[in-house]
Amino acid sequence: MLAVWCPDWPVVAACTATGTGQHVPVAVVDGNEIVSTSAVARTEGIRRAMRKRMAESMCPELITFEHDPQRDARFFEPVAEAVEELAPGIEVVQPGLVAVPAQGPIGYFKSAEQAAERIVDHIATRTGTEAQVGVADSLFAATKAAHRNVIVPLNRTAEFLRPLGVHELDAPELVDLLRRLGLKTLGAFADVPENAVASRFGGPATRQHRLARGLPERPLDKRRPAPELAVTETFDEPVERIDAAAFAAKILSERLHENLTTRSLACTRLGIHARTENDEELHRVWRAAEPLTPRGIADRVRWQLDGWLTRERLTSGIRTLTLEPVEVVNGTALQLGLWGHDDERAVRALLHVQGLLGSDSVLTPVLDGGRGPKEQVRLVPWGDERVAAQNPDHPWPGRLTRAPATLADDPADLRDADGNEIGVTGRLELTAKPQKLAVNGRTQEVIAWAGPWPVDERWWAQDPHRAARIQVQTNDQAFLLIRRNKRWFLEGVYD
């Protein structure tokens, strides 16, 4: 495979769209996370996966743009066309990366080095874009070779991949697991027997194991799709606007996905064909690492139509649009999220809310260290790294061994048989036996209780925290109470 990679493409596309010079620090953010940076920004210490606020504090001059895959695809179309002029049959892996079987261009230009040089020069002449070329036996390895601008000799792909770090795999959870197991390079991961990977880590890890060994991302059991799987739409009025193109993409994508699912198939390479009113023929193939969902198909069709419709040399609107599954796999490879939710749609919705109301408008809980049940849960902005400040597995002295299922902070009233309020003495004893508990307007009979357990924190500060907790059992429920500032409060309810 021959891969053509344009470094920092999201930044390049954003700068091209806005006329921003690339001599200034620029970053593209998705939500609150940096996903791409310019070379100038990297010299200032800005890195991918960094939080936006941290990056701006490190570099006040940093210019940020929101991540926009449609913009990336639109401005990448001229680059894809330039590659296709020298190497027909390209496939767009993602905006910024195209691939083509290496046999054609290498045979025509006599060597891989000459083919790479001609392609890079042609892209620069046609579009003014910097590009790098890599050649290897698999798409994954060719992409990594393009990142390093090297040509890997035939049958030397596994040797090329061996010293690379496991972070090169696009599987964060697996990478974290491999590092904890001491497998820090692709070679070390490749040395693990495939049956052991499959039995202990599952199917997705097996695919990553194939990549680490320099093999194709899937075994060679792909099927050529039947011609009747393709879907075509002829429009009464030629499509010339992006909003009309997006609507057409959604309708056709749903039809294609329905055709595939009825045959238990899923698409991994998508062909997009279009014919304009003036009989111009347009064609592009998109390759996906994982089977495409209906949303994934619609996104790629919309991005491609956006690129075609905004080209200056397109003389008329699109009259006919055809989607063809160039390559399909068994539909069981396409797994829905938990409870059938569309995880991608949820992510977009949360990002939209944060964009409207700020990063602190969407919070997620993280288990943290602490003694009380509330202190063991810390809320962080959605998208921030969900790492505990303290080790939640290391028990704190005085921590409750069993936390309540529901947390609360409501006033409570605990009294003895004579109706007197119960307090806690300096010796950490209750002043009387609990008899009645009143919470949220409801009074219940106490049949059992345990405690109190002292809370004596921040003794060195001017505002020390002193309190006492007890557990109270009624006929149908159990409660966790805390006494602070000479008052009782309901802190939690046990199921």
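Modeller: Each axis is a line fitted to C-alpha atoms, taken for helices over the stretch in contact, and angles between N-to-C directions run from 0 to 180 degrees. Helices (H or I, at least four residues) and strands (E, at least two) are DSSP runs numbered from the N terminus. The model is predicted: local features need pLDDT of at least 70 and side-chain atom pairs count only at pLDDT 80 or more, whereas totals for chains, interfaces and linings use all residues. Residues are numbered from 1 along each chain as its sequence is written, and side-chain values use heavy atoms, with hydrogens and water left out.

A crossing is right-handed if the near helix is turned clockwise from the far one by less than a right angle, and left-handed if anticlockwise. Contact means heavy atoms within 4.5 Å. For residue classes, Ala, Val, Leu, Ile, Met, Phe, Trp, Tyr, Cys and Pro count as nonpolar, Asp, Glu, Lys and Arg as charged, and the others, Gly among them, as polar.

One partner of H4 is helix H1 (residues 9–18), which packs with H4 at an angle of about 90°, the axes lying 9 Å apart. H1 is therefore roughly perpendicular to H4. On the H1 side the contact is formed by Trp9, Pro10, Ala13, Ala14, Thr16 and Ala17, and on the H4 side by Arg71, Asp72, Phe75, Phe76 and Val79. Eight of these contact residues are nonpolar, one is polar and two are charged.

H4 contributes Pro69, Gln70, Ala73, Arg74 and Glu77, which meet Arg302, Trp303, Gln304, Asp306, Gly307 and Trp308 of H14. In this contact four residues are nonpolar, three polar and four charged.

A further partner is helix H6 (residues 112–127), whose axis comes within 9 Å of that of H4, with a crossing of roughly 135°. H4 and H6 are therefore oblique to each other, and their crossing is right-handed. Pro78, Val79, Glu81, Ala82, Val83, Glu85 and Leu86 of H4 contact Arg118, Ile119, His122, Ile123, Arg126 and Thr127 of H6. The classes here are seven nonpolar, two polar and four charged. Val79 of H4 takes part in the contact with H1 as well as in that with H6.

Buried means under 20% relative accessible area, exposed over 50%, and partly exposed in between, computed with a 1.4 Å probe on protein chains only. Of the 495 residues in the chain, 45% are buried. A nonpolar core is a set of buried Ala, Val, Leu, Ile, Met, Phe, Trp, Tyr and Cys residues joined through side-chain atoms within 4.5 Å. The largest such core has 57 residues, of which Val4, Leu270, Val301 and Leu323 touch the most other members. H4 gives the most to this core, with seven residues. A separate core of 29 residues includes Leu97, Ala142, Leu174 and Phe189.

Over the chain, 55% of the contacts with a separation of 6 or more join residues 24 or more positions apart.

The strand residue Thr37, in E3 (residues 33–37), is buried because its relative accessibility is 3%. Beyond residues up to four places away in sequence, Thr37 touches Asp8, Val11, Val26, Ala27, Arg42, Ile46 and Arg47.

Most residues other than glycine have a negative phi, and most peptide bonds are trans. Ala49, in the loop between helix H2 (39–43) and H3, has a positive phi of about 75°. The peptide bond from Gly451 to Pro452 is cis, with omega near 5°, and Pro452 lies in strand E17 (residues 448–457).

Terms used: Parallel < 35°, antiparallel > 145°, perpendicular 65-115°, else oblique.
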